[in-house]
Amino acid sequence: MAALFAILQVATLVLILVVLYRPLGDYMAHTFTARRHLGFERGIYRIIGVDPDSEQTWQAYLRGVLSFSLVSVLLLYLIQRLQAVLPYSLGFPAVPEGLSFNTAISFVTNTNWQSYSGDVTLGYTVQLLGLAVQNFVSAAVGIAVAIALVRGFARTSSGTLGNFWVDLIRGVFRLLLPLAAVAAIVLIIGGVVQNFAGFTDIITVSGGAQSIPGGPVASQEAIKQLGTNGGGFFNVNSAHPFENPTAWTNLFAIVLMTVIPFSLPRTFGRMVGSNKQGYAILGVMAGLFLVSLTFLSIFEANGAGTAPQLAGGAMEGKETRFGIFGSTLFATGSTITSTGAVNSMHDSYTALGGLMPMINMMLGEVAPGGVGSGLYSILILAIITVFIAGLLVGRTPEYLGKKIGTREIKLASLYILVMPVLVLVGTALSFAIPGVREDVESTSIWNPGIHGLSEVVYAFTSAANNNGSAFAGLTANTPWLNTALGAAMLLGRFLPIVFVLALAGALAAQDRVPATAGTLPTHRPLFAGLLAGVTVIVTALTFFPVLTLGPLAEGLL
Amino acid sequence: MASTRTAVRTYGVAARALLLFIVVLGIGYTAAITGIGQLALPAQANGSLVTNQDGDTVGSSLIGQSFADADGNPLPEYFQPRPSAAGDGYDAGASSGSNYGPENADLIAAIEDRRTQIAEFNGVSPEEIPADAVTASASGLDPHISPAYALLQVDRVAEARGIPVDEVRTLVEGNIQSPDLGYLGDPTVNVLQLNLALDATRG
């Protein structure tokens, strides 16, 4: 019965995503290719001072991305430091320096890692003017970069990639804002709170005292999922009944976090003039998603390990209303996109269950990945795949009519290297620097032994991939982790973006080479299979050693 | 120094764009959603608060609460919720899971303790106790327990209140919520609503 319900639930998710794939994908393609500006958009361009019809080189596009992100980090840092004097602070003091630094980077990079506890750290002003705004714009930045890369494939002999400010504004106002507004109201119907009441003190049935929290949660929650952000209003994120009150809001949240990334392959197919290319990418994403979901669900349903066996089921850190499968479906959706929201505590998962979210992130979050970042990540892997296939048969590789030459493959390789280096070096330094090691072991790590290593590996994996979920027992609000994870988030977001835009520039400048009999067709199952294989093998070769020391050791010993 | 001018110009655009987003998204969007929520869906938007038969607000139907005396001992006349890691238990201002890993010795000891205690408290054998009864939820505020754990408490509650067992069992069965749409999630029993219904039958 439980298995049948699980299959029905994932079938419902698949059905909704299938139905939305074409209309949403086509709408996004239209959004980013339409020549006409809407009336209010013209007003916005005048206010911010850009000519919306001017095209940008990849360097200018990158300058836009970086300057907007830098200004965002600085302002978000400032708002947190000034919390005490801002209105609606709920009496909370200024956020300390290290934590403000970490949180500012976290939300601007679309990571939404939370070193703090939302319940007791942030007032409404920081949540709204700081975090909610970044939930929208960091997502729109990701989509813009992905669209710029797609334009690189779509254009020929072009020196430009579009206009970052136009893509940003359209991404926010034509896509994210309308969807988030509808989603927020649906969430309120389900019971998510939306008020400015602060805490309501009540006397419970048995005469105790309870402070029921309030807050503008639904508006925040909608864009948190839709923008694959994941930063919760409350400490326990989507496990909190006021963020995720029912089993159906749970499924709705999963739809929100997956719908844009899963529809972007359609946008890609439309813009490069072949919907089949989009289906090939979609197939790889969906295949990896379903395989990963199956593994996690089986591990948690089996409930291996001393504590789950003793309890009679892996229910530690899970909510009754979601059950095992509502938890594993959410965890898969959240970590295989870049959302990083949690509705159950991954730290308390079975050893092999806890391994799966790590693997989802280590795949580079490509199945389907974050909004925008998932698409550009998998297109980089597609380039690596045609390169490897080209080596096998001894031909110059090409993808979508673009030659993958020295410059292209160098940029793709640099892209692929960034994340593993950040994860492995960050983890290694945490245990290699003498003073830091003591601090990590005595202050940060919550669960002793092997599981403690997993907590640190998970943290750096999450930060470098801009996911934001955690083995939350880890106390990350320390000078070392605030700084190191902050650096991992920053480099993990913007170095890849530099390489993607440079690559987009190189591709756009190329002419299109005609397909010949020797060209590898990239819309067939053969290519999709190769791409999935490359994705898994690159990940396995990179991370297998560290995983054997952590979750694999715990699960198999 | 054309490049410096370009850079300064770009930062100007970035700053103006961000300020515009703060006004429209941070303030405008939130205010609009709050307005709609407060006007059209006030009950949900304000936390699904519930009142007892005297009309006093006694909690939220979505947030679990403890049914214990001042010393933290469970009250036998009320159905008991799951263990909670939020503050000292069901502290709605400090949501939290335990975050204990599957091999954590403290968790293993806690599960053994809870099992013994619940078996004794309810006069049942330890093997009958379902997993949700001995594990802390993710939020520490889980308002639900499994139907199995609710039914296991029926005899104890009936005895403590001096009312027929069948009456309590009927009440529990009437409070079992089936999964959303028939298949999303697990069947649950809302502990606060069940206990309120119980108090209402008494009076």
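How many residues of chain A are in contact with how many residues of chain B?

## Where the chains touch

Let's count: 96 residues of chain A are in contact with 84 residues of chain B (in contact means C-beta atoms, placed from the backbone, within 7 Å). This is a predicted model, where local features need pLDDT of at least 70, side-chain atom pairs count only at pLDDT 80 or more, and totals for chains, interfaces and linings use all residues. Residues are numbered from 1 along each chain as its sequence is written, with chains lettered from A and ligands numbered from 1 in the order in which they are written.

On chain A's side, helix H7 (residues 164-190) gives the largest share, eight residues (helices are DSSP runs of H or I, at least four residues, and strands are runs of E, at least two, numbered from the N terminus). That side of chain A splits into 54 nonpolar, 34 polar and eight charged residues (Ala, Val, Leu, Ile, Met, Phe, Trp, Tyr, Cys and Pro are nonpolar; Asp, Glu, Lys and Arg charged; the others, Gly among them, polar).

Strands pair through backbone hydrogen bonds, either parallel or antiparallel. In chain B, three strands make an open sheet, ordered S3-S5-S4, with antiparallel pairing (a pair needs at least two DSSP bridges). At the edges sit S3 (144-145) and S4 (176-177) of chain B, each pairing on one side only.

S3(B) joins S5(B), residues 188-190, over two bridges. Here B:His144 stands opposite B:Asn190.

How values were computed:
Two residues are in contact if their C-beta atoms, placed from the backbone, lie within 7 Å.
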